[in-house]
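Let's take a walk through this model, helix by helix. Have the structure open and follow along.

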Amino acid sequence: MKVLGMDFGCATGSLRDGKFPDKDCLLPLISKLLGYAIVAASTTVKVPQILKILKNKSVRGLSVVGFELEVVGYTIALAYCLHKGLPFSAYGELAFLLIQAIILVAIIYYFSQPVRTTTWIRALLYCALAPTVLAGQIEPFLFEALYASQHAIFLFARIPQIWENFSNKSTGELSFLTCFMNFGGGLVRVFTSMQEKAPTSVVLGSLLGMITNGTILSQIIFYRKPETKKEKKIN
């Protein structure tokens, strides 16, 4: 019995015989279930961050360049997974994350008025090139080079935010819930990528994302108490 590419037959057969399914049957099933769970959760992962900015009408402490690079990274990662023909459960969250990341950058621009000319140039350049990359209309060797650079892009997307948090001893308007879901999603994605036999580069990308998101999450937890004390003094 298959549902969305998940084979429940071996598991249900073992249970009917009064046996616990073996790992060769159970692990792929768990991987598929977790993969679809990530895809489902990804539809709202950046919503808490978006709502926090809209509520406070502020982008204090947020790295604009970091969020822009995140959009570029998601675009390359999604295009690569589509090009490789991986199952949707192995990369589906990238589509939803990309859409939300673009909305988030647009909101950051709105609350960062006036927007510099260089920022508009970067935005227009992305709009011009992204459709070509997503359609896979580039040479295979260039695709591999882009995906290899995608790891560095995500790393440099996180470093400015990590440094800004450290410099300010504050995480500003960063959403704990969004960062927590990013970290948890990265952790699960490492497992599912290995189970789906994704290319090593995909697994390494998930691992890198988990580590950097974990660093930002730890900063939110570490800097939360000092911020609370300051707020109490002001009040």
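Where is the place of Phe176? Phe176 sits in helix H8, which spans residues 176-195. Helices here are DSSP runs of H or I with at least four residues, numbered from the N terminus (strands are runs of E, at least two).

Before going on, a word on ground rules: this is a predicted model, where local features need pLDDT of at least 70 and side-chain atom pairs count only at pLDDT 80 or more, while totals for chains, interfaces and linings use all residues. Residues are numbered from 1 along each chain as its sequence is written, and side-chain values use heavy atoms, with hydrogens and water left out.

Back to Phe176: together with Leu177, Phe180 and Ile221, Phe176 makes a nonpolar patch on the surface, with about 370 Å² of accessible area in total. H8 gives the most to that patch, with three residues. Patch members have over 30% relative accessible area and no salt bridge, and nonpolar side chains (Val, Leu, Ile, Met, Phe, Trp, Tyr) are joined within 5 Å. The areas are Shrake-Rupley values with a 1.4 Å probe, and for residues only the protein chains shown count as cover.

Now for helix packing. H4 (residues 64-84) and H7 (residues 140-168) pack at about 150°, their axes 8 Å apart. Axes are lines fitted to C-alpha atoms, for helices over the stretch in contact, and angles run from 0 to 180 degrees between N-to-C directions. H4 and H7 are therefore roughly antiparallel (over 145 degrees; under 35 is roughly parallel). The contact of H4 with H7 has 15 nonpolar, five polar and four charged residues.

H3 (residues 47-56) and H5 (residues 93-110) come within 10 Å by their axes, crossing at roughly 15°. That makes H3 roughly parallel to H5.

Lys57, in the loop between H3 and H4, has a positive phi of about 50° although it is not a glycine. Pro114 lies in the loop between H5 and H6 (117-134), and the peptide bond from Gln113 to Pro114 is cis, with omega near -5°.

Finally, the structure holds five salt bridges (a side-chain nitrogen of Lys or Arg within 4 Å of a carboxyl oxygen of Asp or Glu). One of them joins Lys46 and Glu70, with the closest N and O atoms 3.1 Å apart. The pair links distant parts of the chain, 24 residues apart: Lys46 is in the loop between H2 (23-42) and H3, and Glu70 is in H4.

Technical notes. Angles under 35 degrees count as roughly parallel, over 145 as roughly antiparallel, 65 to 115 as roughly perpendicular and the rest as oblique. Ala, Val, Leu, Ile, Met, Phe, Trp, Tyr, Cys and Pro count as nonpolar, Asp, Glu, Lys and Arg as charged, and the others, Gly among them, as polar. Patches are made of residues with over 30% relative accessible area and no salt bridge: like charges are joined within 9 Å, nonpolar side chains (Val, Leu, Ile, Met, Phe, Trp, Tyr) within 5 Å.
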